[in-house]
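Subject: Structure handover

Hello,

I am passing on the structure we talked about, with notes on what turned up in it. Please open it first and then read on.

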Amino acid sequence: MIKNYFKIAFRNLWRHRVFSLINILGLTVGMTACFLIFLYVRFELSYDKFHSKGDRIYRIVCDIKTPTETMHPGGPSWAVGPHLMGGFPQVEAAVRTTDDELLVRKGNVKFQEKNSLWADSSFFQVFDFKLIKGNPKTALNEPLSIVFSESAVKKYFGDKDPIGQTVLLTGDGFTAKITGVMKDIPENSMIKADMIVSMNTLTRKLNPGLDDQWGNYGNRTYVLLRPGANAAAFEKQIPAFLEKMNGTEMKQLNMYPTLILEKFKDAYLRSDRNDSNSGSIKNVYIFSIIAVFILLIACFNFINLTTARSAERAKEVGIRKVVGAGKQQLTRQFIGESVLICMIAFILTIAVAALLLPSFNQLAGKTLSRGVFDNMNFIGILFLASIGIGVLAGIYPALVLSSFKPVTVLKGRFTTGTKGILLRKGLVISQFTISITLIIATIIVYLQMNFMRNQDLGFNKDQMMVINSNGDPARDAFMHAVSSLPNVKSVSMSSSVPGGGNMGAYSKIQNVKGDMQIANLDLYFVDFDYLKQFDIKMAAGRSFSRDFMTDTTHAMILNEAAVKMFGYRSPMDAVGRDFNQWGREGKIIGVMKDFHFKSLQEVIKPLSMRIEPNGCSLISIKVSGNNLPGTISSIENKWNTLIPARPFSYFFLDEYFDKQYKSEQRFGKLFLNFAILAIIISCLGLLGLASYSTMQRTREIGIRKVLGASVGNIVNLLSKDFLRLVGIAVIIASPIAYFSMHKWLLDFAYRIPISWWIFVTAAVTATLIAIITVSFQAIKAAVSNPVKSLRTE
């Protein structure tokens, strides 16, 4: 019996191979997209979940309230971590970390390690980063101790045992001893490090007294609470603790910090204090919804075509019932055939996903999975879902066809009825509603990404090569040597460049009332040529000049945002006013026009600039586009001659600035690809229904052609019903897309308006897709010989 079922099933698949191919292809594409999106979503949700004490680890973030603003320095002051341990019994451990780029040397091997980290001795007690060699309790206890990752060990020592060996941290002029080797930190970790230097090196050797600096902010501080400790109650006790430890200084400076606990395991997706490398829970939700939508569209197609074609099987069922087939046998057969198609699609899904996985990893910018079969749990879920889809698609025609009277069918009076037609129309509207929503969303995502790439930033970032000298004594000699190269237009130095991090400085600025107003200003240390080189325009006053000796010590330039914060209506009104920044006093000599020194996701903040050569480590070189490889080679030669102890490393500012949008660009690419897949699946379904509709009306088309109907008349006849359904889908999809994308755009400080033409474009696109898809079959039917059509009937 089962063998006979399979024979019939495969015979039907082959007889109606076009419809079978559409069904299998649609389901395969849908399930493959769903599988890949699952890998992305699962990976994003897995960040920092591997720590065994994760439920008790909290990250401390900080807000600082001043009379004019609330600042977000990220982490608390350096003194908070050490004093929490002695001040609260519910704190089991506290650890501070701060990122760095250390120059590491071992013999002739040297690298500027971008993933360097300073960390307290409790680091390996709080986090589950496994040490292969060394004692996790003592590895970071002593000053000048350093822990390498496996990758770092291979880079500097090859296969030799590094424990007890030393490396030279040239940038800071000290020798560190390797006390541990840790496994490479997993990719799904917010903490990234190839080497970890003991914090005691910083607090005891390089900056004694740092543990008691309550006004120095910005490190990352984590606390491990004891089992059963109430995090909310602990957080409520912190204000009194800060008042006790630092109340006098807070009042003097008029700066009041608030410490907030964030669950560490949720910080990657849910915190608003992360950088551009962090994730977004909104994106996870969006892609999860897209996965469901794509799978629904594929299922709708399958159910639509299966129910539409059910009438063709009526005579077969009638004959089989006459010769003794029972209702349950017929039901099992139809459901079995439907499940068989889904199983074929499932097998193809696994194969296609395996082929696409390397490319998808590259598109996502992460190794989401090394192989399809690393995800057996989801493969099992997908297998069960395939069976469920098959049963769902097959149960309706199975129950309807197996329940009618064979006499009625054999007389040719069987139809699927009004309910079947309404079901198919409802499914077509649903899938096109989803597709049109995705078309609108894709247009808005593309326009926002394009807006961010092409927005006037207020400075020139083109052909700007940046090298970090790390304060090397030969910096000035190198700049002088480079400035004489033929394709170098200009050279300047600074502490920061747009798109990178910068300092925040406690400042007192004379406001419009004449009072010295306290504020924490973003600060760039620059040289005399910085503003000119970056083409930053002045709104009032003058730029820094070598003609004024006081500019090196007693001059400041503010941006327009800062001037507004201090109450001035005109930039010119701020020129000549007093400032006191970190104890340095002087006059505001000019106001520069606002420029985007951070991402377009943030509003332009108040910014100050001062001349301070000792604070400048970044060398910016404006180069010509002519013979760029040759120019870079010439600059490298000068570097190797004058600064041989450091490896030559550089970046171009336009690429560096655009890295801030890496997450958004990746989101846009993924969104576009999956939206296109959804539209393709919808077209496959529409093509199948159009083919079936045309086939069902073969006789009618033949009669109409005999009576004089043109090709246009026939195409219009077959297309209008589908276009009416697409029109309804446009009406439903437009408000859904508007409200969804309006909410998405709120994450950007500078964003595009959602214009009416976007919805018109989406409607026209959907209509054209429907017309092209339906017309393919309609024209084919319209140009066929009516004699053959009528003879067929």
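How many helices and how many strands does the protein have? There are 25 helices and 22 strands. Please keep in mind throughout that this is a predicted model. Of the protein's 793 residues, 51% count as buried. Among contacts with a separation of 6 or more, 79% are between residues 24 or more positions apart.

Nonpolar cores

As background, nonpolar side chains in soluble globular proteins tend to be buried together. Here the largest nonpolar core has 126 residues, and the members that touch the most others in that core are Met 609 and Phe 674. Leaving out residues up to four places away in sequence, Met 609 touches, among others, Leu 523, Tyr 524, Val 526, Tyr 530 and Leu 531. Other residues touched by Met 609 include Ala 555, Met 556, Ile 557, Met 592 and Phe 595.

Helix pairs

Two packed helices are described by the angle between their axes and the distance between the axes. I looked at two pairs.

Helix α3 covers residues 80–87 and helix α7 covers residues 231–253. They pack at an angle of about 110°, and their axes are 12 Å apart. An angle of 65 to 115 degrees counts as roughly perpendicular, so α3 and α7 are roughly perpendicular to each other. The crossing of α3 past α7 is right-handed. On the α3 side the contact is made by Val 80, His 83 and Leu 84, and on the α7 side by Phe 234, Phe 241, Leu 242 and Met 245. Six of the residues in this contact of α3 with α7 are nonpolar, one is polar and none is charged.

The crossing of α15 and α19 is right-handed. Helix α15 contributes Ala 477, Phe 478, Ala 481 and Val 482 to the contact, while α19 contributes Ile 635, Lys 638, Trp 639 and Leu 642. The residues of the contact between α15 and α19 comprise seven nonpolar, no polar and one charged.

Individual residues

Is Asp 63 buried or exposed? Asp 63 has a relative accessibility of 14%, and buried means under 20%, so Asp 63 counts as buried. Asp 63 is in strand β1, residues 57–65. Apart from neighbours within four places in sequence, the contacts of Asp 63 are Thr 70, Met 71, His 72, Tyr 256, Pro 257, Thr 258, Ile 260 and Arg 273.

Asp 48 lies in the loop between α2 (17–45) and β1. Its phi is near 60°, a positive value in a residue other than glycine. With a relative accessible area of 1%, Asp 48 is buried.

Trp 582 has a positive phi as well, near 55°, and is a residue other than glycine. Trp 582 sits in the loop between β18 (578–581) and β19 (584–592). At 47% relative accessibility, Trp 582 counts as partly exposed.

Ser 570 is in the loop between α17 (560–565) and α18 (571–574). Ser 570 is partly exposed, its relative accessible area being 27%. Between Ser 570 and Glu 560 there are ten residues of separation in sequence and 8.9 Å in space, C-alpha to C-alpha.

Finally, Gln 665 belongs to helix α21, residues 662–696. Gln 665 counts as partly exposed, at 26% relative accessibility. Gln 665 and Asn 450 are 215 residues apart in sequence, and their C-alpha atoms are 9.7 Å apart in space. Neighbours within four places in sequence aside, Gln 665 is in contact with Met 449, Arg 453 and Asp 658.

That is the end of the notes.

Regards

How values were computed:
Residues numbered from 1 in each chain as written. Predicted model: local features only at pLDDT ≥ 70, side-chain atom pairs only at ≥ 80, totals over all residues. Heavy atoms only, no water. Left-handed = near helix turned anticlockwise from the far one by under 90°. Helix = DSSP H or I, 4+ residues; strand = E, 2+ residues; numbered from the N terminus. Contact = heavy atoms within 4.5 Å. Nonpolar A, V, L, I, M, F, W, Y, C, P; charged D, E, K, R; others polar. Core = buried A, V, L, I, M, F, W, Y, C linked by side-chain atoms within 4.5 Å. Buried < 20%, exposed > 50% of the residue type's maximum accessible area, 1.4 Å probe, protein only. Axes fitted to C-alpha atoms, helices over the stretch in contact; angles between N-to-C directions. Parallel < 35°, antiparallel > 145°, perpendicular 65-115°, else oblique.
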